[in-house]
Protein chains: 2
Amino acid sequence: MGIPEPSISADEMRAWAALFETSNIVQYAADRNLRDSVGLTLAQFEILLRIGEAGTVGRRMTDIADSLTVSRSGLTYQVGQLERKELVLRQPAPDDDRSVIAHITPAGLDLLRTGIPGYVDLVREMLFDRLSHADLMTVTEILDDVRRQLKEQPKRSTYRRARRSVAQAGADAAAAAGAVPTTE
Amino acid sequence: MGIPEPSISADEMRAWAALFETSNIVQYAADRNLRDSVGLTLAQFEILLRIGEAGTVGRRMTDIADSLTVSRSGLTYQVGQLERKELVLRQPAPDDDRSVIAHITPAGLDLLRTGIPGYVDLVREMLFDRLSHADLMTVTEILDDVRRQLKEQPKRSTYRRARRSVAQAGADAAAAAGAVPTTE
DNA sequence: TATTGTTATACTCTATAACTATA
DNA sequence: TATAGTTATAGAGTATAACAATA
């Protein structure tokens with residue numbers, strides 16, 4: 001009766017549900033928060049963060065795409081949105097005429113300065129205030145390791161169409177990680 | 001120079017990045033996998049899972065919306081898609097004439113039977129094969145606790161528009177968790 | 001009056017593939 | 001030939017608010 005018994009253990013499914021739901025809840029809240037505070041979606045804010053982190057040298061489009069859950073055409077669209085708001089400026093790369101470097105503008109920097117504190121507070125309130133520091137470190141160690149493994153995979157921007165296996169879909173998706181502000 | 005120093009510790013930010021990216025990578029892969037194998041998005045598959053889990057009694061629309069990252073109008077749209085594919089059937093609730101109960105059809109059950117093994121395999125390959133059972137249990141305990149706390153918040157379906165604080169956005173988002181197949 | 005669910009509108013985003021230009 | 005990036009098109013999804021019906 002009902003759906004078939006999954007071949008995965010109940011423990012594993014609870015783990016996946018906890019990871020999945022916790023992450024989604026916080027991401028959803030962050031998206032709402034950022035739309036209100038700075039008028040960008042979480043995805044756009046992350047892109048801007050990546051560009052802002054690069055400082056004055058800017059960042060290549062492909063380089064950005066490789067670290068995010070966007071296809072290259074999707075990135076073109078989103079960076080276009082940021083450029084329309086004058087938060088970002090695109091310029092041809094000096095060394096490779098095929099490449100484009102995205103630079104953050106003063107307005108873009110201002111927006112980051114406005115948005116980051118709320119973003120960071122939200123994540124802390126929803127996540128870290130509910131965890132001991134020991135638990136925090138434990139989760140980080142474990143998940144950071146998994147994440148690193150998943151990212152050691154073919155880049156999404158280089159991906160070429162072909163019949164996909166589950167493994168390939170996984171490998172492909174490894175490049176689809178979202179950006180997050182780093183403290184360094 | 002560059003973006004301002006976040007007020008959150010580097011440890012905390014690494015934790016958030018690990019959680020965020022790991023979850024996104026696997027979700028992205030699962031979405032691709034399910035589109036290929038059964039022609040549904042991950043979001044649609046989750047909705048179908050929730051309805052399927054309810055068995056022959058079906059499940060109220062609001063009840064479904066409260067456990068997912070969809071607004072009620074969004075759920076109406078997605079369930080409409082599922083109904084168009086004849087995977088689901090909507091009927092008025094016998095006890096409350098305002099309510100609608102979604103029932104899974106035989107075709108819907110077949111689709112779940114087809115899609116679940118690949119979904120489950122993918123999650124295991126990407127996540128659990130890289131974790132010891134002890135680590136798995138540790139992460140689950142910690143995150144499951146956080147998730148439960150986040151979900152003890154006002155329901156999304158009941159949400160009424162108002163000026164939002166960060167805390168409210170968080171509370172609101174607590175209802176936005178994604179569904180995951182349970183083994184029981 | 002509050003809740004359930006749907007609808008309508010407009011908009012944002014994504015997928016896909018084709019296309020240009022450079023390496 | 002492969003890579004970088006853009007574009008074009010169409011379709012999918014979302015947010016918002018308004019709406020009808022019932023509690």
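Which helices each supply at least two residues of the surface near DNA strand D? They are α3 (61-65) and α4 (72-84) of chain A, together with α4 (72-84) of chain B.

## Basis

This is a predicted model, in which local features need pLDDT of at least 70, side-chain atom pairs count only at pLDDT 80 or more, and totals for chains, interfaces and linings use all residues. Residues are numbered from 1 along each chain as its sequence is written, while chains are lettered from A and ligands numbered from 1 in the order in which they are written.

Helices are DSSP runs (H or I, at least four residues), numbered from the N terminus.

## DNA strand D

DNA strand D is surrounded by 23 residues, where near means a C-beta atom, placed from the backbone, within 6 Å. A:Met61, A:Thr62, A:Ser73, B:Ser73 and B:Asp97 are the closest. α4(B) gives the largest share of this surface, four residues.

## DNA strand C

Around DNA strand C there are 24 residues, and A:Ser73, A:Asp97, B:Thr62, B:Ser73 and B:Thr76 come nearest. Here the largest share, four residues, comes from α4(A). At least two residues each are supplied by α4 of chain A and by α3 (61-65) and α4 of chain B.

## Helix α6 of chain B

Helix α6 (residues 133-151) of chain B has 19 residues and should span 27 Å at 1.5 Å a residue, the expected span being 1.5 Å times one less than the number of residues. Its end C-alpha atoms are 26 Å apart, which agrees.
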